[in-house]
Amino acid sequence: MTDTTLRSINGANAIIKIEDKVLGYAMGVQVQEVIALNRINVLGQVETQDIEPLGRFVSGSISMMRMVTGGDTVPGGGAASNALLPAHGLSDEGTVRTKALDTFMQTGFDLTIQDAYENENQEATVRYTIKGCRVSSHTFTLTRGMLMGVNVTFEAIRMIENDAA
């Protein structure tokens, strides 16, 4: 019998999706949610009277183990060709590249982190969903004897802990 309270995640189980298209599988996912606070002070008082929240901010990084190729129409299976980054083609034109970036940033992508399948007939359990991610930096790593790795950092709109009671 499986213990449903177990919260460990094994292997490459973070799936990067845009809409329903799986772009790649990640290892090394780090997500941070920060709540910005403001102290309420009163003239003539030494101690802070209250602390109020100003906003909630989510950011993170993804180290992708491999990208899923885009089929016959996408030759490389890299981050831009799979729509993780804005596609601007080979244009050197600044206005074309700017427009591509602006259009891309309107939607972003969602990051889904799920447990591994126990067997092929079982649905994976989604643990976290990071909504509205926008890539803020992008690097790649290529070493001998390894698959090419893609690394991105991002800002996001919200983090949802799907299995929170």
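Student: To start, how many of the 6 residues of β4 are buried?

Tutor: 5 of the 6 residues of β4 are buried, so β4 is largely enclosed by the rest of the structure. Buried means under 20% relative accessible area, exposed over 50%, and partly exposed in between, with a 1.4 Å probe and protein chains only. Strands are DSSP E runs of at least two residues, helices H or I runs of at least four, numbered from the N terminus.

Student: Before I go on, what are the ground rules here?

Tutor: This is a predicted model, so local features need pLDDT of at least 70 and side-chain atom pairs count only at pLDDT 80 or more, while totals for chains, interfaces and linings use all residues. Residues are numbered from 1 along each chain as its sequence is written, and side-chain values use heavy atoms, with hydrogens and water left out.

Student: Okay, which way do β4 and β5 pair, parallel or antiparallel?

Tutor: Antiparallel, over 5 bridges. Pairing here takes at least two DSSP bridges between the strands. As an example, Ile113 has Tyr128 in β5 as its bridge partner.

Student: Switching to charges: how many salt bridges are there?

Tutor: The count comes to 2. The cut-off is a side-chain nitrogen of Lys or Arg within 4 Å of a carboxyl oxygen of Asp or Glu.

Student: What does Lys131 pair with?

Tutor: Asp110, with the closest N and O atoms 3.0 Å apart. That pair links distant parts of the chain, since Lys131 is in β5 (residues 126-141) and Asp110 in β4 (residues 109-114), 21 residues apart. Lys131 is partly exposed at 28% relative accessibility, and Asp110 is partly exposed at 29%.

Student: And what about Arg56?

Tutor: Arg56 forms a salt bridge with Glu33, where the closest N and O atoms are 3.9 Å apart. Arg56 sits in β3 (residues 50-67) and Glu33 in β2 (residues 21-40), so the pair ties together parts 23 residues apart in sequence. Arg56 is exposed at 55% relative accessible area, whereas Glu33 is partly exposed at 32%.

Student: Now packing. Which residues touch the most other members of the largest nonpolar core?

Tutor: Ile16, Ile62 and Leu111, in a core of 17 residues. β3, β4, β5 and β6 (149-156) each give two or more residues to this core, and β6 gives the most, with 4. A nonpolar core is a set of buried Ala, Val, Leu, Ile, Met, Phe, Trp, Tyr and Cys residues joined through side-chain atoms within 4.5 Å.

Student: Last one: what's the order of the elements?

Tutor: From the N terminus, β-β-β-α-β-β-β-β.
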